[in-house]
Amino acid sequence: MFTCLRVCLLLLVLHTLAVVASRERKNVLLIMADDLRTSLGCYGDSVAKSPNIDQLASKSQVFLNAYAQQAVCAPSRTSMLTSRRPDTTRLYDFNSYWRTHSGNYTTLPQYFKSRGYFTTSVGKVFHPGIASNHSDDYPYSWSTPAYHPPSFRYEKEKMCKGEDGKLHANLLCAVNVSEQPGGTLPDLESTEEAVRLLKSRADDVPFFLAVGFHKPHIPFRIPREYLSLYPIDEMALAPDPDVPTRLPPVAYNPWMDVRRRDDVQKLNISFPYGPIPKDFQLRIRQHYYAAVSYMDAQVGRLLGALDALGLSDSTVVVFTSDHGWSLGEHGEWAKYSNFDVSTRVPLIFYVPGLTSHRVSWRESTFPFIDVFMQPQRSFKNDRVIRNVVELVDVFPTVSYLAGLKAPASCPVISFQEELCTEGVDRAHTFHRRERRRNGEAIAFSQYPRPAATPQVNSDLPDLKDIKIMGYSLRCWDYRYTLWLGFNPQTFQVNVSDVHAGELYMLEGDPGQDQNIYSESDHSVMMAKMAGLPRTVGVQMRMRLQLLYLSAGRKTSGGRE
């Protein structure tokens, strides 16, 4: 009996020590890609060759259905890093700084800095320029000024050698790196700087290191050897390359940033719907995937250095992207929409001792994988979450997992609240397996438009030109989008001014090509909505509307 008691006490002590250890403050390595959709092996993409990110995923918890709050760089990054939605940051373009424009919101790195962390930024983390006060929010967010790779200055210049032997500002721009200025590229420089910072860290101070890679953002200025991983005769078009017949004109993005590239202008494509020639579509897809593999190699180099320095046992690693990118789906390219291909992002959390346990101290956690030597290397995801989550959830979740207290939830109106979250702390999902789907879980995204039909500024309208806001709700069974009148001077949305709607049943239409919004009579529903108090926000109204619209339809799969 006494032996049994001793064993129980020992187990209790060990469990207590494990819990305490798991709550000790950990370092944080936040890795952000730019314009990366879920085109990764660990997300089931059979084309993508991403062995280093796949290896990270195999030792992490992978959120399979994570969504950005707006599918464009500055609004999405600001939203994620403040854990506030675009209607709270009031940033829908690139032309305002939230601290002076809406509220003095505490950012994710700022929160860690205030708790004694040394915080540093490498590459594209905040969107540079006005949106981060031309300083990447230094000194609020960072202990030292942010690092930007010097070679990025050439990214928008004529650096792509054409068939005529001259240099052009092309979309497709695979290069010989040795011929580039300085013999390098931005993401190569960012990786080198991030590794240098890891090596020079202070041992007695926890760090928060954010590394933002520029790829696969256009132009596809990447080392040309990565194209060999994706032979053009093995590439395929998007499964739904045509503009859906019931797609409201306001929902379409005319991909102007793609059209402006020299090689695309030569194609003489009609505006706004004119399709890109199929052979060029295949080349775009080839270059995008090649850019993903190039970026994956930089992630591998960075994680390999973290491992070699003995830091993988004390560092939480978060990998994500600011939003996705259309590769011809719905006849669209680039981001700038509310579809899954634009809003869905990878979201991967590695937590030492929780998502992975080292078998041997001699075992390497993140050995670098050379994709050219091991192109078929594959891994299995042991921990996945299928329920819907959002990028605003990152701030509270990583805070708790690193050993800090997650910020409290924001009140309904939070412009005066410096520290709070409009997301959800997902740390609890790491301690128990997901047993069933949560039918009430939603992701909420939005996108502005200047008019009800495609314009040259439809992709990225300035605040003063925004006339319509497309709010989109994504749950297990549906994507529901309403395009509502919007006043850019008062930031008010007119819920009764409905320009168009979209409703997609995802079980039979995962690509969101069959808009069934017009199949329902909305008059009764809108009359019910008109009776709601004015204080009921857009998100709650759309939840109620979706319940009404789906009441007569069968939901897909198990029990909610």
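Contact here means heavy atoms within 4.5 Å. On that basis, among contacts in the protein chain between residues at least 6 apart in sequence, 75% join residues at least 24 apart. The model is a predicted one: local features need pLDDT of at least 70, side-chain atom pairs count only at pLDDT 80 or more, and totals for chains, interfaces and linings use all residues. Residues are numbered from 1 along each chain as its sequence is written, and side-chain values use heavy atoms, with hydrogens and water left out.

The protein chain carries 14 helices and 18 strands; helices (H or I, at least four residues) and strands (E, at least two) are DSSP runs numbered from the N terminus. How does its radius of gyration compare with that of a compact globule? With 560 residues, such a globule would have a radius of gyration near 24 Å, and the protein chain agrees, at 24 Å. That radius is taken over C-alpha atoms, and the globule rule is 2.2 Å times the number of residues to the power 0.38. Along its principal axes the C-alpha trace spans about 75 × 65 × 45 Å. The accessible surface of the chain comes to about 23,700 Å², by the Shrake-Rupley method with a 1.4 Å probe, where for residues only the protein chains shown count as cover. Carbon and sulfur atoms own 54% of that surface. Of the 560 residues, 59% count as buried (buried is under 20% relative accessible area, exposed over 50%, partly exposed in between, with a 1.4 Å probe and protein chains only).

Now for helix H10. Two packed helices are described by the angle between their axes and the distance between the axes. Axes are lines fitted to C-alpha atoms, for helices over the stretch in contact, and angles run from 0 to 180 degrees between N-to-C directions. Helix H2 (residues 51-58) and helix H10 (residues 278-308) have axes that come within 7 Å and cross at roughly 55°. H2 and H10 are therefore oblique to each other; angles under 35 degrees count as roughly parallel, over 145 as roughly antiparallel, 65 to 115 as roughly perpendicular and the rest as oblique. On the H2 side, Pro51, Asn52, Ile53 and Leu56 make the contact, facing Met295, Asp296, Ala297, Val299, Gly300 and Leu303 of H10. These residues divide into 7 nonpolar, 2 polar and 1 charged (Ala, Val, Leu, Ile, Met, Phe, Trp, Tyr, Cys and Pro count as nonpolar, Asp, Glu, Lys and Arg as charged, and the others, Gly among them, as polar).

Helix H7 (residues 186-199) also packs with H10, at an angle of about 10° and with the axes 10 Å apart. That makes H7 roughly parallel to H10. H7 brings Asp187, Leu188, Thr191, Glu192, Ala194, Val195 and Leu198 to the contact, while H10 brings Tyr294, Gln298, Arg301, Leu302, Ala305 and Leu306. By class, the contact of H7 with H10 has 8 nonpolar, 2 polar and 3 charged residues.

On to the backbone: most residues other than glycine have a negative phi, and most peptide bonds are trans. Which bonds and residues depart from this? The peptide bond from lysine 215 to proline 216 is cis, with omega near 15°, and proline 216 sits in the loop between strand S7 (207-212) and strand S8 (220-223). Another cis bond joins phenylalanine 271 and proline 272, with omega about 0°; proline 272 belongs to the loop between helix H9 (262-265) and H10. Asparagine 133 has a positive phi, near 60°, without being a glycine. Asparagine 133 lies in the loop between strand S3 (118-123) and strand S4 (160-161) and counts as partly exposed at 39% relative accessibility. Phenylalanine 491, not a glycine either, has a positive phi of about 60°. Its loop runs between strand S17 (478-487) and strand S18 (492-505), and phenylalanine 491 is buried, with a relative accessible area of 18%.

Aspartate 322, in the loop between strand S9 (315-321) and strand S10 (326-327), counts as buried at 0% relative accessibility. Leaving aside neighbours within four places in sequence, aspartate 322 is in contact with residues including Met32, Asp34, Asp35, Arg77, Val345 and Leu391. Aspartate 322 and valine 345 are 23 residues apart in sequence, with 7.2 Å from C-alpha to C-alpha. Phenylalanine 372, in the loop between strand S12 (344-350) and strand S13 (383-385), counts as partly exposed at 36% relative accessibility. Not counting residues up to four places away in sequence, phenylalanine 372 touches Glu225, Tyr226, Ser228 and Leu229.
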